[in-house]
Amino acid sequence: MFRSILITLFISCAIIVQGQKLRLESPNKVLSAEVHLASGNNTIHLSSASQTLTDIRILDFDWTENIVQGDWQLIKSDKRTVNRKWKPLFGERNTIKDNYNEIELQLQSSGNHKKMRLYVRLYDEGIALKYGFDKNDFSGLTIKSESTAFHFSSDATTWVAGAAQSAYTKTTLSQLKGEFERPLVVNPAPKLFMAIGEAALVDFARMKFTYQADAKSYIVQSALSGPVALDKAAYESPWRYVMVGKTAGELVENNYFVLNLNKPNEITDSSWIKPGKVLREVTLTTAGGGAAVDFAARNQIDYVEFDAGWYGPEESTASDASRVNVDPARSKGPLDLQSIIDYARKKNIGILLYVNKKALETQLDQILPIYQKWGVKGLKFGFVNVGSQQATAWLHEAIRKAAQYKLMVDVHDEYRPTGYSRTFPNLITQEGIRGDEESPSSEQSLITMFTRAIAGAGDYTNCYHAVRVTTKMGGKAAQMAKAVMLYSPWQFIYWYDRPADAPHKAGGAGGEHETLIDESENAVAFYRSLPVTWDETKVLKSDIGECGIIARRSGNRWYIAMLGAKVKQDIKIDLSFLGTPDCFKAQLWSQDEQGLAKNTVDRKEFGLTSKVFTTTLEPNAGAVLILDKIK
């Protein structure tokens, strides 16, 4: 379970009060923030030692009635410093530091003395703020909109997606239109990248962004996906944050920042929560299920997921998710699901079930104990509603209810993480990402991994054999690289592929012929030994949309994955972080021009003799260097 391994230090942080202005510095003085409370202009000025980063407009809410009158005035401030480390149950690193200075401002409106709190937390990695609403003054009221805004002095480069699974576009702030997703990565200057987002979204309307401009600045403003009812005592908003780094890769390396803004693990016994690789089963037959379980057991795959249709048409309100009744449009059956669950248990394979929102919303309390009794290990929630406060609250309550029955959860489709997997780690992963089922180009993947990945795990539906891999996504070695680079504790592999002895038909998912997995192919050994969680992560190159290199360690083995986009890439990797290179033996999985043409992956073994590794990537190709410590 999650646990603190250093004592939290409650000591005074550096803060200067000058009337209605307060100054705060991050622990190592990397960042500084000034909170200004002034009539009609409440802001936080964020800067580094060398430059202004952004001005954040705060305390700007539109209420259903004129509930707040006058200006916000400071009546009390409290401060603290926290410096601790904690161990996640699973993740991209085995230890997480949590070191910040924080001020809590107690505010009162000058006109009618309404009270609320503003929390400002400053890390070396970025800034976060949230609001607390006094129960006596705000209980039962409704927020119509929130206008937290982030002002930039230049027309910065940015990468934008209108929805959680949309393609990204590289553009500038002034060209933004409509609403767009978070986190939003902004590149205002060389060696300066910033990510704006939200954390700990549990019972509030989702925040997306819109663009505005004034005579002095380019403005990214929050846009809530509906009203927010303050119907609980001591109600708090999610955190709004700005992460800061010299590279986009630094933002990804520091994405534990989002977890730190969430509460610690609330599941007392987490021993049943287990990440792993997953094989999707779509034949919805007893024969197909048995073949999938046998294949998983042979190839160190931990779970088999029965996809949509096992209990009837997923979008029909008449379908009953408490019993097996195969959708005839997807399969002729027969499916003896209980026998497959029992058979899988003997082989130490877990069974996961897909359940659409139509059944979840009407049958959740009924089906959870049934699935636990059957021996199911987890659920994939399909097409859940997102955005509104009601949808957000329902979904997180559903995750908590699943934990009561020791069921893990993968949330599809538009849901994007805000760090709740720290508090309830049975939330293993989620989609909210343009994965390989959408056939993204290498360029798109190289945007996703340095924007969306800041938010947390993404169920990327990794492909390998499918025809679309070679025609649209670069090649098989690129798929292998993405399985390392795009983190998900449930890693779905062979997404469009089937075991050779499974029932097979033409016209599989995605409108292409299903592909049979050739277990004699050398890359099967790569996937067989692939970890899904990591002890350490380093981003070595992060040219968004162009080239990426990510190194991840599991025990004494390093995986260094490389992916390039449209042009040939000459790769040079500094391996000095390993120490002495001759302590490692290496294997390189890659495709040169000939390998891409033949649709084959090459594997080479060699010893390291230098602290610099060089290779060449063909256009839209990838490679994985695996390093095993031998002494």
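This is a predicted model: local features need pLDDT of at least 70, side-chain atom pairs count only at pLDDT 80 or more; totals for chains, interfaces and linings use all residues.
Residues are numbered from 1 along each chain as its sequence is written, and side-chain values use heavy atoms, with hydrogens and water left out. Local features need pLDDT of at least 70 and side-chain atom pairs count only at pLDDT 80 or more, whereas totals for chains, interfaces and linings use all residues.

Strands E3 (residues 21-25) and E4 (residues 31-36) run antiparallel and are joined by five bridges, where strands (E, at least two residues) and helices (H or I, at least four) are DSSP runs numbered from the N terminus and pairing requires at least two DSSP bridges between two strands. Lys-21 stands opposite His-36 in E4, and in the hairpin of E3 and E4, with five residues between the strands, Lys-29 takes a positive phi near 60°. E4 also pairs with strand E5 (residues 43-48), in the antiparallel sense and over six bridges, with Ser-47 in E5 as the bridge partner of Ser-32.

The count of salt bridges (a side-chain nitrogen of Lys or Arg within 4 Å of a carboxyl oxygen of Asp or Glu) comes to 36. Glu-521 forms a salt bridge with Lys-476, their closest N and O atoms being 3.1 Å apart; this pair links distant parts of the chain, 45 residues apart. With buried meaning under 20% relative accessible area, exposed over 50% and partly exposed in between (1.4 Å probe, protein chains only), Glu-521 is buried at 17% and Lys-476 is buried at 6%. For the salt bridge of Asp-628 with Arg-557, the closest N and O atoms are 2.6 Å apart; Asp-628 lies in strand E39 (residues 622-629) and Arg-557 in strand E34 (residues 557-564), so the pair ties together parts 71 residues apart in sequence.
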